[in-house]
Amino acid sequence: VDASECHDFLSTLKDRLLVAKNDKNGMKDSISNDAFSYRVVLYNDRFNKRARVESILMNIANLDKTEANRIMMDAHTKGSGVVCAFDSSIDDD
């Protein structure tokens with residue numbers, strides 16, 4: 001997956017979550033009113049160099065260098081690292 005696909009995915013996900021939070025009368029596109037969550041996970045691979053991964057995390061996911069390095073090292077040492085998590089629940093206020 002290239003950087004533009006990651007950026008498009010994160011933008012679409014963010015927009016969908018904003019629509020879900022703002023739609024108090026029910027969800028559009030048949031999304032239920034239940035809480036839902038998404039996680040963007042970085043998996044370790046042997047093809048991408050550390051500098052490239054760090055650059056993508058900083059430029060696409062808008063992370064600072066310290067956070068990008070931490071997530072990259074989680075993926076390197078543990079097999080995966082959570083880039084970001086989106087939690088949403090629809091309140092009936």
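**Entry 1**

I looked up Asp-74 to begin with, and at 17% relative accessibility it counts as buried, since the cut-off for buried is under 20%. I keep in mind that this is a predicted model.

I then looked for partners of Asp-74 and found a salt bridge with Arg-70, at 2.9 Å from N to O; both residues lie in helix H3, 4 residues apart, which is about one turn of the helix. Asp-74 also meets the side chain of Lys-78 in a salt bridge of 3.7 Å, N to O, and Lys-78 is exposed, with a relative accessible area of 64%.

Next I followed Arg-70, which is partly exposed at 39%, to a further salt bridge with Glu-67, where the closest N and O atoms are 2.6 Å apart. Glu-67 is partly exposed as well, at 30% relative accessibility, and because Arg-70 and Glu-67 are 3 residues apart in helix H3, about one helical turn separates them.

**Entry 1**

**Entry 2: the neighbouring helix**

Finally I looked up how helix H2 (residues 50-59) meets helix H3 (residues 65-78): their axes come within 9 Å and cross at roughly 130 degrees, which makes H2 oblique to H3. The crossing is right-handed, and by class the contact has 7 nonpolar, 2 polar and 3 charged residues.

Note on methods:
Residues numbered from 1 in each chain as written. Predicted model: local features only at pLDDT ≥ 70, side-chain atom pairs only at ≥ 80, totals over all residues. Heavy atoms only, no water. Axes fitted to C-alpha atoms, helices over the stretch in contact; angles between N-to-C directions. Helix = DSSP H or I, 4+ residues; strand = E, 2+ residues; numbered from the N terminus. Parallel < 35°, antiparallel > 145°, perpendicular 65-115°, else oblique. Left-handed = near helix turned anticlockwise from the far one by under 90°. Nonpolar A, V, L, I, M, F, W, Y, C, P; charged D, E, K, R; others polar. Salt bridge = Lys/Arg side-chain N within 4 Å of Asp/Glu carboxyl O. Buried < 20%, exposed > 50% of the residue type's maximum accessible area, 1.4 Å probe, protein only.
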